[in-house]
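Please open the structure in your viewer and keep the selection panel at hand. The tour begins with the whole chain and then moves to particular places.

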Amino acid sequence: MLATIMQIIQRWARPILGLTLFALALFVLDRQVQQFSLTDIISQTRAIPVSTIFLAAMFTAGSYLSMTAYDLIAMRHLGNSLRYSRIALTSFIAYVFSLDLGLSIVGSSAIRYRMLSSFGISTSDVARVIAFTSVGFWVGVFGLGGPVMALYSMDISTLTSLPLGSTRPIGFLFIAVFLIYLLWSSTRSKPVFIRGFKLTLLPLKCTLAQLGTAVFDWGLGAAVLYLLLPESSQLSYGHLLGVFIAAEVLGVLSTVPAGLGVFEGICVVLLAPIFPAPVVLGALVAYRCIYTILPVFLAVTLLGGFEASKRSAGLRRLQESTRASFNALIPKVFALVTFLAGLLMMISSVLPPLAAKLHLTDIKFIIDLSHGSEMLAGISLALIARGLASRTRACFRATFVLLLVGLLSATVFSSHYVLGSFLALLLIALWLCRGEFSNPSALRLPALPRNWLIALTLTLASMVMLVSWFYNAEPQPADMDGLFNVADYAGRAQRSLVIAGVALVVFMLWRISRPALPATTPASEADMRAAAAIVATSPEADSSLALMGDKQFLFNNDDSALIMYGVSGNSLISMGDPVGPSNQHEALIWNYRELCD
């Protein structure tokens, strides 16, 4: 009983924590911006000088470049002389997908496995690099965050019911934890075993090197936001660095992709004594575009180019041994990025333009249609994206068309050029990897994972809150520097929300009406005769297990091959490889995969 309770807690603790932090962030943001409008935030963003944006982009490049040092230190500590360019490519893509897209440590680890293995690094060394980089993050949190919070204390009395007036006690606690870790790693040579996993503590010089890397990593990241905020005698760089570290850590703990909403909420609250909410949010909009979205563009493009280059004759032989183990990674990455693109298109469909229009058309009907199409395409992408993980060719084609619709709507009619650039790069990367999608199965709506459903729910909640706040705020100007008419876009946003609601209702009705799992009844006599005919032609002795009468069968279209399986609870369990001609196995396995989904 206790073990079952612990399993339930472990399964739901992080999602509940993420939902709680996100809900609190929305509540905080709602209270902070009630007396302001979206036009105030847009004005603050547009007021940032181009030279400042360029300098922030340079600091962003420096921050991500410094992150590659974590992997470099790990590789050199292991005695590996892999070229820095390859280490940096792998590190950059892994960090972007982990920090900016919310890919779990397992997912970012798979990227490192895929790329480093293709460069000839052993599986054991890749695992050590992953452990090393994971420790590096927390070395930065405790080793840098502790002194910063102690020296530049912030008032947190309004954030917590604990008897803490500032972050200084937390800073001293972090310093103590870090010093204990330093002492432990410098005096203990034996490995530590945690739940059967062997963990070798890093030598003191490696820990100090990680700390030095963290200083540049966190310091340059905070400098990006510091540059984008207006100058103020009340805000020092050290104070902002403390805010940045606290917001980043809580964003990571929330499990929300890129800490979206949580990071913003913490920054708005901690900087409230210095800047009003629109000023902070205006800077954060620019920060997200520069520090989060642009690196995602680049990482997706680099990953697509890496996969395309793998097909060259010089690399094919080297990667043949690793391809079988990690051939599912690329479709899964595209599934995640496509799901994110769908969510962004949904949000874009309820927002007014943030820049001057292309003015290719002023016909309201066409503009209205484009917003509805963007919402429908976005929610469709979110619902079918997981089909890319199954390499379904039909899903690839549908995704390509929906991304084209989103690209046209976002750039031509909505003037959301950053989103349009992201969709264009995603289309290019998807096309470069089109050979990965060879599953001939029909297009279906796959079941969404729990964390995807949570993300979709949070997106819809954010959209409702955004529309309610912006279009119902008083007073509202008729237009914003001639960019848009509030009344027109209020109607378009409401219609987009209706489209999203109808689409989700249809999806839920379809899910409810799906047929139940096959009953655990013995196979029919006709199935047994068909199975016996297939087994008779099979050279494998274990194929005769199909004739025991306790299994069910999945046949191919012409009943020349089968998969035998059993049903246990909500699981379908395959009883061995497909039986029948080998050229029928791949299609039959995909059919079985879809049956399981």
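Predicted model: local features only at pLDDT ≥ 70, side-chain atom pairs only at ≥ 80, totals over all residues.

A residue is called buried when its relative accessible area is under 20%, exposed when it is over 50%, and partly exposed in between, with a 1.4 Å probe and protein chains only. Residues are numbered from 1 along each chain as its sequence is written, and side-chain values use heavy atoms, with hydrogens and water left out.

Colour by secondary structure next: the chain has 22 helices and 5 strands, taken as DSSP runs (helices H or I, at least four residues; strands E, at least two) numbered from the N terminus.

Now select residues 168-187, helix α8, together with residues 204-228, helix α9, whose axes come within 9 Å and cross at roughly 150 degrees; the axes are lines fitted to C-alpha atoms over the stretch in contact, and angles run from 0 to 180 degrees between N-to-C directions. Showing side chains, you will find Phe 178, Tyr 181, Leu 182, Ser 185 and Ser 186 of α8 in contact with Leu 204, Thr 207, Leu 208 and Leu 211 of α9, where contact means heavy atoms within 4.5 Å.

Finally, go to Met 58, which lies in helix α3, residues 50-77. Met 58 counts as partly exposed because its relative accessibility is 44%.
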